[in-house]
Amino acid sequence: MPAISSTAPAKVILFGEHTVVYGYPAIAAPVTGLEARVTITAQPGRSTLPVIEAPQIGLKTTLDHLPSEHPIALAFNLVAEALKLDHWPALHLRLTSSIPVASGMGSSAATAVALIRALSAFVGHPLPDPQVCELAFRLEQHHHGTPSGIDNTVITYARPIFFIRDQPIEFLTFSMPLYLIIGDTGMKGLTREAVAGVRQRREQNPTWYDDRFRAIGELTRRAKRALIEGQIDEVGRWMVENHRLLIEIGVSSPELDRLVQAALSAGALGAKLSGGGQGGIMIALVHPENSSQVEQALRRAGAANVFSVVIRTTQAI
Ligand code: MEV
């Protein structure tokens with residue numbers, strides 16, 4: 001059996017994080033250049049258990065030594081169940097990732113997608129995208145509790161999406177490339193906790209929260225139109241409004257707000273936190289000629305890491 005390598009990209013949520021959990025729409029896009037990679041090589045002639053190596057987290061073990069709740073063990077189980085495999089051939093699996101962990105960039109979903117694709121391809125039955133997406137969702141449920149499914153969906157299909165949970169996926173074609181600067185606060189943001197916090201606060205004050213949720217849903221629909229029609233300034237304004245509402249529902253942090261302010265002061269068209277918040281990353285929309293100014297402003301404002309990315313959709317403009 002030849003070596004199999006699968007990759008899956010990072011993602012950013014452009015609009016609608018958190019409220020997407022409650023059935024409101026959200027827009028997400030893949031970030032190529034940052035990725036999880038799984039490489040599997042056969043160990044011919046050996047009858048040993050699968051060897052798992054993830055050098056970045058200091059993991060080198062055999063499958064039977066991984067706790068059953070470990071995402072890698074869960075991926076093995078889900079793929080075996082889907083393919084009705086009763087045992088794994090001797091193999092060596094190596095997992096690496098350039099996606100910052102617990103930063104809102106979909107590290108866990110990208111790892112899940114890369115694992116599922118590589119494992120199923122290795123045994124000669126590469127799973128189709130809908131099934132990869134479904135299994136990755138089940139892994140996300142272990143990791144995040146009550147995920148909406150947006151992360152595993154945008155990462156599986158690696159295209160910008162307009163996403164409403166339990167509804168068919170709508171792929172988006174923007175009429176211009178989006179130049180984004182991503183500022184990482186360097187503080188870990190645990191999505192599970194951020195989502196649980198919103199749920200608890202909403203239970204105390206449902207009407208107040210639902211008003212904000214509806215407003216985010218509405219601006220997300222307007223932003224979708226602006227993205228499709230190429231109204232870049234309007235996209236930026238909706239980002240600022242989305243961030244304001246995310247502050248109100250309690251998922252920002254002083255570090256995120258400082259980076260958002262710094263980006264806007266340096267001339268970004270819009271900026272907001274992205275993902276679970278309470279740490280993790282923010283994104284700034286820029287004109288390409290202004291990107292280095294915004295990058296510098298984010299570094300000066302204390303960003304631990306800054307990435308410059310371009311989101312392109314398939315249709316040329
Ligand atoms: C995480 O990328 C986005 C959240 O809305 C959680 C989810 O949708 O599962 C915060």
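**Cores and ligand surroundings**

The largest nonpolar core holds 83 residues, and V12, L14 and L93 have the most contacts inside it. A nonpolar core is a set of buried Ala, Val, Leu, Ile, Met, Phe, Trp, Tyr and Cys residues joined through side-chain atoms within 4.5 Å; buried means under 20% relative accessible area (1.4 Å probe, protein chains only). The model is predicted: local features need pLDDT of at least 70, side-chain atom pairs count only at pLDDT 80 or more, and totals for chains, interfaces and linings use all residues. Residues are numbered from 1 along each chain as its sequence is written, and side-chain values use heavy atoms, with hydrogens and water left out.

- Another core, of 26 residues, lies apart from it and includes Y24, Y209, L259 and A271.

**Ligand**

- Around the ligand (a heavy atom within 4 Å) are K11, I13, E17, H18, V20, V21, P147, S148, I150, D151, T191 and G276.
- For H18, a backbone N or O atom lies 2.8 Å from an oxygen atom of the ligand.
- The protein covers 96% of the 300 Å² of accessible area (Shrake-Rupley method, 1.4 Å probe) that the ligand has on its own.

Key. Buried < 20%, exposed > 50% of the residue type's maximum accessible area, 1.4 Å probe, protein only. Polar contact = N/O pair within 3.5 Å; in protein donor to acceptor, adjacent residues only side chain to side chain.
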